[in-house]
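Welcome! Here is a short tour of a protein model, taking in ring pairs, a helix and its neighbours, and the nonpolar cores. Keep the structure open beside you as you read.

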Amino acid sequence: MKSFSRRDTLKMITLGSGISLLSPLSLLACQNAPKKDKLGIALVGLGYYSTDLLAPGLQQTEHCYLAGIVTGTPSKAEAWKEKYNIPEKNVYNYENFDTIANNPDIDVIYIVLPPSMHMEYVVRAANAGKHVWCEKPMAVTVEECQTMIDACKKNKVSLSIGYRCQHEPNTLAFQKIVKEGQLGKVTKVDCAAGYREGRTDHWKQKREMGGGVIYDMGVYSIQGARLGSGMEPIAVQSAKVWAERPEIYKDGLGEVVTAVLEFPGGVIGNIKTSFFENTNFLNITCEKGTIEMSPFSSYAGNKGKSPLGEINFPYEVPFQQANQMDHDALAIMAGKPMPVPGEEGLRDIRIVQAILESAETGKRVVI
């Protein structure tokens, strides 16, 4: 199958579990927005994801660009200024962050910090009058997610969660099969997402920073079950949380999590997520056959098959990140709802909390 160009995927916006196509007139309106041809993006937090994926992705985007940075490390600031030709006036630290409100170069603030810091900086970004993109997981609690949504609504700015897979062609393809019932109704979903995490002193190993696998890779498993079934779970039937390496994942922090999700109509979703082993698949069992995606949520190489044929739209890193940011920029410039709004992140955190409650109590938990 031929490569799926980003120009093609820019025509697609994912809304929940469905797919909608922007019309040529809508695309034209986006591209001819009166204010700017491109939106200026400021990255907050210059760790691995910003350094290796978002910044390179912003060199490939058509509708937004890297305009500024926020970092607490002066040496990083100097290196990024030189590498990306960022003006001094567009470089901020966490103390002077709020003065970004006065900078017309910055249209969107992209929060790429540990989850425990998401709420504070999304609220501050919204109060600065800037549109906000936030990496997943959206936050640590449902209450934090709602506070973020409310702050953005109050300040009349957009909020989007960085679910790159909801913008990518292979994900759109299996969703289309499910939505249109091409293989009949979904009867079961099995999904796993995990990798062998070698770091031992990262925020992912610290509960107070939003660590634990369920918040990180677990969100992919939850997304796989939700998007694969085309439904929202109504309960967590059961769940288990444990650590294969308790010396790293201490005091009950989950290194491995399994859960059984209940969907309407008796559909069951079995999910697993792990920092102990490499695993990445989504099997969607339908009345007329199974959609098998493996891998289903990698940065590249996602592919699958079903009785209808192969699902394989190849691309190279950082296509997904550039694609996601261009979709979101187009929506902002057109004054349209975000393809993956804050409410989508809140749904996942509600499920995360229900999984943790079920694991702790040993009981079924209604979502």
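## Rings, helices and cores

Helix α4 (residues 74–84) holds both Trp-80 and Tyr-84, which sit 4 residues apart, about one turn of the helix. Please keep in mind that this is a predicted model.

**Aromatic pairs**

- In general, an α-helix has 3.6 residues a turn, so residues three or four places apart point the same way.
- Trp-80 and Tyr-84 are both buried.
- The count of aromatic pairs comes to 8.
- One of these pairs is formed by Tyr-49 and Tyr-299, with 6.3 Å from centre to centre and 45° between the planes, which makes the pair tilted.
- Tyr-49 belongs to helix α3 (residues 48–58), while Tyr-299 is in the loop between β14 (289–293) and β15 (304–306), so this pair ties together parts that are 250 residues apart in sequence.
- Tyr-49 is buried, at a relative accessible area of 13%, whereas Tyr-299 is partly exposed, at 26%.
- The rings of Trp-80 and Tyr-84 also make a tilted pair, because their centres are 5.4 Å apart and their planes stand at 50°.
- Tyr-94, Phe-97 and Tyr-121 come together in one aromatic cluster.

**Helix α5 and its surroundings**

- Tyr-121 is also among the buried residues of helix α5 (residues 118–127), together with His-118, Val-122, Arg-124, Ala-125 and Ala-126.
- What do the buried residues of α5 pack against? Their partners are the strands β6 (108–111), β7 (131–134) and β8 (159–161), along with helix α6 (142–154).
- After α5 comes Gly-129, which has a positive phi near 80°.

**Nonpolar cores**

- The largest nonpolar core has 78 residues, and those with the most contacts inside it include Ile-111, Leu-159 and Leu-261.
- A second, separate core has 28 residues, among them Ala-55, Ile-69, Tyr-110 and Met-338.
- Leaving aside residues up to four places away in sequence, Leu-159 touches Val-122, Val-132, Met-148 and Met-338, among others.

**Helices α6 and α10**

- The axes of α6 and helix α10 (residues 342–361) come within 9 Å of each other and cross at roughly 170°.
- The two helices are therefore roughly antiparallel.
- Residues making the contact include Val-142, Cys-145 and Ile-149 of α6, and Leu-346, Ile-349 and Arg-350 of α10.
- How many residues of this contact are nonpolar, polar and charged? There are 5 nonpolar, 4 polar and 4 charged residues.

Key: Residues numbered from 1 in each chain as written. Predicted model: local features only at pLDDT ≥ 70, side-chain atom pairs only at ≥ 80, totals over all residues. Heavy atoms only, no water. Buried < 20%, exposed > 50% of the residue type's maximum accessible area, 1.4 Å probe, protein only. Contact = heavy atoms within 4.5 Å. Phe/Tyr/Trp six-rings, centres within 6.5 Å; stacked < 30°, edge-to-face > 60°. Core = buried A, V, L, I, M, F, W, Y, C linked by side-chain atoms within 4.5 Å. Axes fitted to C-alpha atoms, helices over the stretch in contact; angles between N-to-C directions. Parallel < 35°, antiparallel > 145°, perpendicular 65-115°, else oblique. Nonpolar A, V, L, I, M, F, W, Y, C, P; charged D, E, K, R; others polar.
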